[in-house]
Amino acid sequence: MSDIKQKPLINRYQTYDFVTRGVIPGAIDASHGTVLYLDDVNVSFDGFKALNNLSLFIDDGELRCLIGPNGAGKTTLMDVITGKTRPDSGSVYFGQTLNLLEMDEPAIAQAGISRKFQKPSVFDNLTVFENLELAMKTDKGVWTTLFAQLNGEQLDNIGRVLETIGLAELYSQQAGVLSHGQKQWLEIGMLLIQEPRVMLVDEPVAGMTHQEIDKTAELLLSLRGKHSVVVVEHDMEFVRSIASKVTVLHEGSVLMEGTMDEVQNDPRVIQVYLGD
Amino acid sequence: MRLTFLENETESRLILIALATITLVIPLCNLIFPAESALYFSAYSISLIGKYLTFALLALSLDLVWGYCGILALGQGAFFALGGYAMGMYLMRQIGTRGVYGDPLLPDFMVFLSWKELPWYWLGFDHFAFALLMVVVVPGLLAFVFGWLAFRSRVTGVYLSIITQALTYALLLAFFRNEMGFGGNNGLTDFKDILGFNLQSDAVRACLLMTTGFALIAAFLACRWVVKTKLGRVVTALRDHESRVRFLGYRVEMFKLWIFVFSAVLAGIAGALYVPQVGIINPSEFSPLNSLEIVAWVAVGGRGSLYGAIIGAVMVNYGKTVLTGLLPEIWLFTLGAMFILVTVFLPEGLAGLWRRKRGVKPS
Amino acid sequence: MLNISSLNQYYGGSHTLWDLELDVPEGECVCLMGRNGVGKTTLLKSIMGLVPVRGGSIMMQGQSIAGMKAEIRAELGIGFVPQGREIFSLLTVEENLKTGLRAASKLGIKKIPEHIYDMFPVLKQMRNRRGGDLSGGQQQQLAIGRALVLNPKLLILDEPTEGIQPNIVSDIGDVIMRLNRSKGIAPPKIAAAKAEVHEAIGRINRELGVTVLLVEQKLPFARKVATQFCIMERGRHVATGAMSELSDDLVKQYLTV
Amino acid sequence: MKFNDSLGRIGLFFLLLIMPLVGFSQDVMLATEENSVLPTYTEALSAIKTSSLSQRGIAIEIFAKFTKNPQTVLILQALMDGKLMELKADGQIVIAENNDGRYAIFAAETQASLGSVEAAAIKKINLTNRLRRQLRSLIAQVQLNSDDVAIRLQAVKEMAKNPTSETLVLLTNLYEKETNPDIQETIGLVFALQDMDSPDQALRLAAIESLKYKTSLEALNRLKALDAQDAEGNYIEPDKEVRKLARSAVAKIESRLQLYATAETLFFGLSLGAVLVLAAIGLAITFGVMGVINMAHGELMMLGAYTTYVMQQIMPNDLGLALLLSVPASFMVSGIIGIGIERGIIRYLYGRPLETLLATFGVSLFLQQTVRSVFSPLNKSVSTPEFMSGSWQINDFLSFTWNRMYILIFCFMVFAMLLQILRRTRLGLEVRAVSQNRNMAKAMGIPTDRVDAMTFGLGSGVAGIAGVALSQITNVGPNLGQAYIVDSFMVVVFGGVGNLWGTLVAGFTLGIANKVLEPYAGAVLAKILVLVFIILFIQKKPRGLFPQKGRAAES
Amino acid sequence: AEETIKVGVLHSLSGTMAISETTLKDTMLMLIEEQNKKGGLLGKKLEAVVVDPASNWPLFAEKARELITKDKVAVIFGCWTSVSRKSVLPVIEELNGILFYPVQYEGEESSKNVFYTGAAPNQQAIPALDYLMNDIKVERWVLAGTDYVYPRTTNKILEAYLKSKGVKQEDIMINYTPFGHSEWQSIVSDIKKFGSAGKKTAVVSTINGDANIPFYKELGNQGVSAEDIPVVAFSVGEEELSGMDTKPLVGHMAAWNYFMSVDSTKNAAFIKQWHEFTKDSKRVTNDPMEAHYIGFNMWVKAVEKAGTTDADAVQKAIIGMKFPNLTGGVAQMLPNHHISKPVLIGEIQEDGQLLTVWQTNTLIKGDAWSDFLPESKPIIADWTAPINCGNYNTNTKKCSGQKF
Ligand SMILES: Nc1ncnc2c1ncn2[C@@H]1O[C@H](COP(=O)(O)OP(=O)(O)OP(=O)(O)O)[C@@H](O)[C@H]1O
Ligand SMILES: Nc1ncnc2c1ncn2[C@@H]1O[C@H](COP(=O)(O)OP(=O)(O)OP(=O)(O)O)[C@@H](O)[C@H]1O
Ligand SMILES: CC(C)C[C@H](N)C(=O)O
Ligand SMILES: [Mg+2]
Ligand SMILES: [Mg+2]
């Protein structure tokens, strides 16, 4: 873990010029090294502020852990990024050019942001294989889908992922009958096969055994560099095993950001989150 | 790696064989054998079977949206009726001067209510090709506009069901109005011929039955193909978990729209085949109760299985024919009881019964 | 408290639980362990009466409950915290808690016991919010609180710490332990708790001495909370013992992938 | 024979009467008196039963001249009320009171009780519109001198309809001694209207001036007529000043009318809304809360309506009470049948909401046909009790019909009751819990079976109650249910499933929208427009008027 | 079994129209039973074949075909709504069957295979207007109807008729409502306003079926009495009244060709027979029942005359056939396949009966093609030689169209 190069903290109070420059649609431009920009985002539900002037920046290829008390707004943050929830104010960019607030869920997903949900959501009536097939990265238009045929490479891909998530034997099972943990894995598999630029992973190891947790950690670490990964998890051991940089959310804003050690020893974090 | 799916091969094959037999053999029997022969099928049976097959096609179309895409459309009858009207208008124009007033242009019902000229939307229907086009375009277009609005706004579940019902109800009221120029309550009747052939001749009837049979087979194969493609799986997935599909990058509304329009077109074709065989099209086809009945056929047959829809439609309607003649006073009891028993004891309809018999695990 | 013997369970045609034996002695906290998909949840649901079982017996305090409806089992004093929380999402937090009042009223409990709010202050704070709007962790707390309204003799928890922030996890551990052990427990360590509340909880606790059946994947937590363990493997029960006897070998054999 | 004799004399008497019926005047009366062929009281009475309708008119006119006999007006009233009958056996004229199928009869002339007879033994003396009108004014003339103010007012109003020189004299006489302001006002109006025909310009102007403040249809028509032109374009009223004043008076009255028209439309909308809400509210429970797509809802309403019918059959003499008792009775009938449906069928279908549609569709067919077999396919006649008929006449232009008023109030009562049940009782909480997560509800000790049965019973019972209301405005027949089922679903969905308030607001919104559109578009198009409106509205608010928002709704 | 002559009965026993049609089925069963008691027909018994077309119009056609081809019935008595008749028509014509249609309708039809025993517009609507105009002195007219073909056509005819009598456009109010309309408040209020202009006003109602009850209730509640604004209806008869609370209806009128209340020995016998047959002394009789009664008996006589049930022979034999009405007078089957009928106007009484207040002196001949519609004026129907056509154009001297 020591070989992870530590990057300096980003100054959250600086306003980057791309935010003010207006939108240029097109490919993801991460030339500044940052893939996800959230600036001054506010979300409230019936007066309750779930996100409060939140600013967060995710680097290209980075593996970021997001922790924070229950209800701090982690899931809401992912909802904002994936287009499920529209913030009251603030800006959210993918790369320097894609304004996520102007895109809907499928567009965001196609642009390369995928997500694993907190509560495992797989398609109960489809088999494990078909679940992966649907998630797979391809053209997702209606007509292409209608005439889509799996080619060898894609089949291999699915096979590989099936191995990775340990469901190779169950590939023809309907996903509905899987146990909780198996569904978690399947959903991770669906995430992998989308080959996204950014992965948002909400509580991946809930309901997994130790060994599986380790395996997940391994998996996530192996993705580093190729994908930017944002992981939300309450399992500190797990977080410790993967984290390079940790962001702590509290009451809708960033409480602190730093290495695991910094975070663990921060009195505020201990008070609101970790406990002694 | 073989992919499994809801549809089962054996049953599909059986139903195809059955359909092919009906389509080819029965009309031939009607034409070849003399009326006394045991193998003879009367014109009555022919038109009856023809009607069942159009209903089967209609049920098939509903099963696609409801069984596979989860859209409980309570207005499927509207598309059916529109297709029927398009065909009816063609048949009306075919009457020419043979109407009772002998007006070369205006249908009878317009003449005695002093219409002076043909409304614009009747133009072109004297061409068979144009009418055929309209048979698919009109229901398709309506489904497209309606679906586009509804799916884009993410109207789902019962909300969608009820507005489809509102749609067909509104059309019912509209078509009832004499001023609409579709014959009001009486609808369009008294057709003479189609493509110059007398509608009441045995050969034409047999042909119509064959056409319907082929249309049904084609539609069945097409639907089967659709549900087996990846699109079919996307649609099944979004039936169960719509928002998740969206997060995978699929434009859910487009998929729904595609299925919805496709199904509306099938329903329209069914309507167009229905009209020349029963000889009348009138607004009651738009009635919400009719659309509800279609749902009942599909449910009886087995929602989510294409052959089930076909079996359901044929069974229920055959039952209706027999019972309304046999037990005219109490047949509704039988029908009602059948609906209740099927739902309670055969959760997956007749298709489920079949599946269970064969020991296939229910999904 | 709870004795299960030769229990079999099928989902349609697939055999999930095989001649299962389980013994939860009164006052103990038994932790049920096993890999994903071995049937832990299924077993708990069987005990609760939410899935049909075939054969075998389930005895609660000497009384056979196998054929009883779930709601009767709840009245008999089985509280259930399911996996995945299963909150009534359109009911407010308070209403969620109130759902247990019918069964609880048999025990003379007419309104939501205050100690539940004390244990999970966030529930009080979000009392009028709909359950479904809560964050995952908040929902988990609600689920536990809800089960406690029934004032259960036997509390069944299916992975109760899933998705819960660390400090609350340890609080939950404390709660479980407190509910479970009538005596000899260190004073509760709830951040916001006050002395008199502790007193009250302590009293309830002493009177109750809730027996706990727990499914838990997190070993440290399990070790801390439970007094006994029971390991399952492919729908069968394979090992039992006091928590202290849970060896690394066993862990390696049955809990690792 | 005496009987024939008197008929003969009356026949002779008729010969003398070659005059319009209504304009029967005093002089003739005098003339006939002198003529000494005047019939006796008994003869005059028995002449009424002549089989010719036109002769009956003359006979009544003659009979009514016996004003001194107090029995006369009673007999006329009985004739008006359809209680005057002829005994088939001996031709005697009697007053008959219906008494549970048998009739208690009294000799018309003497009031002497003659015991009771079967319906078949008597024959009603029929009336036509013409005779009724005639009778009414005859009775009014007598009642003009009644001591009862209400009766007097009624009589004055009746006479004001078609004032003749004769009645004007009577009214003038009354006016002089009358103390009641309402009656004075009414007579004053008659006089003012009379004055408008006066040749004296000042009198005409004064009359118009006073009419300006009256909310009278008659006044309005007359004022408008002043401004009318004949075929050649000449004004019928030659006086310019009168015309001008009349025009301004018309404008004044019509501006008030606008207000009344709005109030009226609103009332119509609300009362339609009330019906929609009543029809939908049971469904808001079975469908909205429990998630059962209950196609038999309409039939449960139908059962409520039939219960009302049966109740009225049981107590034909207490229609009002029967109606009141029908409310609990229908609740029980529909409720119990609802519970039967739930226990017998629906409970096997929880978790399969779409299938409930099919099963309940089956149930609805079944119930319909049952009713056809038991009660025949014909509509049944449910009477409207006295207190629900007629309207609350605020003025000539604005009146609220009582049945609609009661239904409106009833609707609010039912709504409030249900709201309380769902909000405040344990059942309310439990049913919501059960519908959201059946298994978890069980695990919390909620007896789901009982809750389901109770709730479905409640929803069905409320449908039954709605049926009672519907029996007062529409057909009680096997098709009643089908007529309302589509609308009911529309209302529940438009309001937002699972929200009782939504159902209320939706019902009233649709009701008012319909009634506002109707004058412009006609009833048919209005209905179509409302449907289109619903379709478009749902695009804007895909989950109805009061949607469940947020995360909670999605999971 | 012995050979029988089958008689098809094609009336809805379920669905929306069961309300009206079930009675007609019973009537047919009664008539057939009676005929069998008299020894049947041509030495054979009659056998009723009852089917239920379930108020479903295409099903009418299907069932008609079933009756003719499968059951081989000699004749069909059936249909109520015009659309069901229109649906059956091509089938009957194709298979050369015979249909007796017993309900008043909009006219504009005459088929070789159909006998119209109900009233054509000139046998119901026009005389009613005459009565209102001449006897009641009505000057302002509300034509209210359900929005479909029968009311539209009838009203068109009536409008033309009124205009021909010098009634001005502004004195005619036309209003259409949907089927089953139950919210009459605004319309009744409008009628009230329309009728308060100082001229005598009447409503001519072609409102059909279930919409009637709420309509009359609303009239009653808004205080519109028959004395002020009478309503004369063409589809409210004794049977409909038996299902209504008649209080608000008293004095309103109906125009028919038969009333149960008419005092005649034939009628009394018919009513008695009906009560015995239904075992219900409260059951009422009505106009379409009489139509079936006449139709059936004419058919019986025609079969006897022709000596066969063969359709062509019967069709030929029945024209000119006479049979006494229940209310007096003798109905005759006209060459246009309609019959001659008396027209009665009755006022509704509290007991649900109609009291005759006016009656035509002679029988009116049913007119298939209205003289008040410009397009149909020149058309006549005559199924006897030499014309032998249902739509003969007297101008062009041709059988217009090809319908013969
Ligand atoms: N639709 C909503 N209506 C009301 N409150 C909401 C809604 N959605 C979220 N919240 C509230 O917003 C806050 C943040 O929720 P969020 O799910 O983002 O938390 P989280 O950080 O993911 O917590 P956890 O770790 O427990 O999953 C919570 O207090 C939650 O109750
Ligand atoms: N409703 C169901 N129908 C059919 N099979 C099921 C059903 N629910 C669970 N199963 C199967 O039963 C087995 C046991 O599942 P269960 O949920 O009890 O596992 P678990 O031990 O709780 O696993 P986890 O730790 O992942 O929660 C699994 O293989 C699962 O696939
Ligand atoms: C007036 C109705 C009772 C019958 C009429 N022939 C119709 O179409 O529908
Ligand atoms: Mg979360
Ligand atoms: Mg589990």
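Partly exposed describes a residue whose relative accessible area lies between the buried class, under 20%, and the exposed class, over 50%. At 39% relative accessibility, D312(E) therefore counts as partly exposed. The model is predicted. Salt bridges over all chains come to 61.

**Salt bridge within chain E**
- K112(E) and D312(E) form a salt bridge, with the closest N and O atoms 3.1 Å apart.
- K112(E) sits in the loop between β4 (99-101) and β5 (114-116), and D312(E) in helix α11 (residues 311-318), so the pair ties together parts 200 residues apart in sequence.
- K112(E) is partly exposed, at 27% relative accessibility.

**Salt bridge between chains D and E**
- R136(D) forms a salt bridge with E227(E); their closest N and O atoms are 2.4 Å apart.
- This pair crosses between chains, from the loop between α7 (212-221) and β9 (231-233) of chain E to helix α6 (residues 129-143) of chain D.
- E227(E) is buried at 8% relative accessible area, whereas R136(D) is partly exposed at 28%.

- E242(B) and R246(B) meet through their side chains in a salt bridge (2.9 Å, N to O).
- The two residues are four apart in helix α9 (residues 242-247), so about one helical turn separates them.
- E242(B) is buried, at 16% relative accessible area; R246(B) is buried too, at 4%.

**Hairpin in chain A**
- Strands β9 (residues 245-250) and β10(A) pair in the antiparallel sense over five bridges.
- S253(A) in β10(A) is the bridge partner of H250(A).
- Two residues lie between the strands, and E251(A) takes a positive phi near 45°.
- Five of the six residues of β10 (residues 253-258) are buried.

How values were computed
Residues are numbered from 1 along each chain as its sequence is written. Chains are lettered from A and ligands numbered from 1 in the order in which they are written. This is a predicted model: local features need pLDDT of at least 70, side-chain atom pairs count only at pLDDT 80 or more; totals for chains, interfaces and linings use all residues. Side-chain values use heavy atoms; hydrogens and water are left out. Buried means under 20% relative accessible area, exposed over 50%, partly exposed in between (1.4 Å probe, protein chains only). Two strands pair if DSSP finds at least two bridges between them. A salt bridge is a side-chain nitrogen of Lys or Arg within 4 Å of a carboxyl oxygen of Asp or Glu.
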